[in-house]
Amino acid sequence: DAEKELKAEIELLYQAKEKIRGELEDKLAEQGRALSEAEEKNQTYANSLAEAEKRLQELSDAKVKAEAEPDKKIPIVEAAPAKAECECCGKTGLLPDDTVTIQSGQSLCLKCHEAMKTM
């Protein structure tokens with residue numbers, strides 16, 4: 001009788017251990033996905049920053065050159081349009097004309113906007 005109780009208790013402990021293991025594996029997978037997403041966003045921001053720094057350097061070089069040659073005309077440089085990201089599918093590098101800002105304030109690519117309109 002005591003042996004059966006001990007075996008039943010061991011079985012319950014084993015089941016609890018397996019449940020906890022499964023929960024931990026799920027949490028680890030979730031954290032891995034979150035980390036990957038954060039790293040991807042970080043890379044996107046790093047790329048944007050690098051582009052901005054490059055553009056700033058180009059403008060700075062043009063200014064130095066213009067100051068060194070005051071009589072020479074400098075061509076007008078147009079600023080590149082800001083790039084946007086779809087807050088639905090995550091697509092990056094979109095031009096403002098390729099996005100729609102919906103009533104909630106979210107910025108969506110045209111494809112996601114069309115899909116949302118059909119819902």
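1. Lys117 and Glu114 form a salt bridge, with their closest N and O atoms 3.1 Å apart; the term denotes a side-chain nitrogen of Lys or Arg within 4 Å of a carboxyl oxygen of Asp or Glu. The two residues are three apart in helix 2 and so are separated by about one helical turn. Lys117 is exposed at 53% relative accessible area, whereas Glu114 is partly exposed at 43% (buried means under 20%, exposed over 50%, partly exposed in between; 1.4 Å probe, protein chains only).

2. The model is predicted: local features need pLDDT of at least 70 and side-chain atom pairs count only at pLDDT 80 or more, while totals for chains, interfaces and linings use all residues. Residues are numbered from 1 along each chain as its sequence is written, and side-chain values use heavy atoms, with hydrogens and water left out.

3. The structure holds five salt bridges. Among them is the pair Glu58 and Arg55, at 3.1 Å from N to O; these residues lie three apart in helix 1 (residues 2-68). Another joins Lys63 to Glu67 at 3.9 Å, four residues apart in helix 1.

4. His113 lies in helix 2 (residues 110-117) and counts as buried at 17% relative accessibility. Leaving aside residues up to four places away in sequence, His113 touches Val100, Ile102 and Leu108 (contact means heavy atoms within 4.5 Å).

5. The chain follows the pattern α-β-β-α along the sequence; helices (H or I, at least four residues) and strands (E, at least two) are DSSP runs, numbered from the N terminus. Of its 119 residues, 8% count as buried.
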